[in-house]
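Please read this report alongside the sequence and the 3D model.

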Amino acid sequence: MYRYFRKTLISNGFEMLQYSVYVRTCPNRVFAKKFYKRITEKSPGEGHIRLLTVTEKQFEDMMLIIGEKAKQEEKIGANRMVIL
């Protein structure tokens with residue numbers, strides 16, 4: 001089930017930020033709601049899925065303690081929201 005759900009996320013434009021954390025940029029909340037619906041429909045029957053919408057500024061303020069920025073962090077442009 002996990003692999004099927006992971007493939008669903010990737011096919012919908014999500015990228016892994018870290019293990020079990022996927023992100024996708026969206027231009028606005030209306031666009032983001034489309035993904036809430038898709039994720040709900042494709043979610044496995046077990047486990048926990050949490051969706052969090054943050055602004056680009058909030059995402060940029062995230063502190064990185066170890067390692068380097070992921071590809072997704074480099075791609076985010078101005079005035080976008082991020083679904084985590």
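This is a predicted model: local features need pLDDT of at least 70, side-chain atom pairs count only at pLDDT 80 or more; totals for chains, interfaces and linings use all residues.

Residues are numbered from 1 along each chain as its sequence is written, and side-chain values use heavy atoms, with hydrogens and water left out.

**Overall fold**

The protein has 4 helices and 4 strands. Their order from the N terminus is α-β-β-α-β-α-α-β. Helices (H or I, at least four residues) and strands (E, at least two) are DSSP runs, numbered from the N terminus.

The protein has 84 residues, and 27% of them count as buried. Buried means under 20% relative accessible area, exposed means over 50%, and partly exposed is in between (1.4 Å probe, protein chains only). The protein exposes about 6600 Å², with 53% of that supplied by carbon and sulfur atoms. Accessible areas come from the Shrake-Rupley method with a 1.4 Å probe; for residues, only the protein chains shown count as cover.

Among contacts with a separation of 6 or more, 64% join residues 24 or more positions apart. Contact means heavy atoms within 4.5 Å.

**The largest pocket**

Which residues are closest to the centre of the largest pocket? The pocket itself has a volume of about 460 Å³. Its lining counts 21 residues, and Phe5, Ser20, Tyr22, His48 and Ile49 are the closest to the centre. Helix H1 (2–11), S1 and S2 are the elements that give two or more residues to this lining. H1 gives the largest share, 4 residues.

A pocket is defined on a 1 Å grid over the protein atoms alone: it is an open set of points where a 1.4 Å probe fits, with protein on both sides within 12 Å along at least five of seven lines. Lining residues have an atom within 4 Å of a point. Grid points are joined across faces, edges and corners, and the volume is the space filled by probe spheres set on the points.

Tyr19 sits in the loop between strand S1 (15–18) and strand S2 (21–26). Tyr19 is exposed, because its relative accessible area is 67%. Together with Tyr2 and Met16, Tyr19 makes a nonpolar surface patch of about 370 Å². Patches are made of residues with over 30% relative accessible area and no salt bridge; nonpolar side chains (Val, Leu, Ile, Met, Phe, Trp, Tyr) are joined within 5 Å, like charges within 9 Å.

Ser20 lies in the loop between S1 and S2. Ser20 is not a glycine, yet its phi is positive, about 65°. Most residues other than glycine have a negative phi. At 46% relative accessible area, Ser20 is partly exposed.

Val21 belongs to strand S2. Beyond its neighbours within four places in sequence, Val21 is in contact with Glu15 and Met16.

**Two spans across the sequence**

The table lists two C-alpha pairs.

| Pair | Apart in sequence | C-alpha to C-alpha |
|---|---|---|
| Val21 and Arg50 | 29 residues | 9.6 Å |
| Asn28 and Thr53 | 25 residues | 10.0 Å |

Val21 is partly exposed, with a relative accessible area of 25%. Asn28 is also partly exposed, at 35%. Asn28 is placed in the loop between S2 and helix H2 (29–42).

**A buried loop residue**

Is Asn12 buried or exposed? Asn12 counts as buried, because its relative accessibility is 15%. Its place is in the loop between H1 and S1. Leaving aside neighbours within four places in sequence, Asn12 is in contact with Arg24, Phe35 and Arg38.

**The salt bridge**

The structure holds 1 salt bridge. Lys57 forms it with Asp61, and the closest N and O atoms are 3.3 Å apart. A salt bridge is a side-chain nitrogen of Lys or Arg within 4 Å of a carboxyl oxygen of Asp or Glu. Lys57 counts as exposed, at 53% relative accessibility, whereas Asp61 is partly exposed, at 45% relative accessible area.
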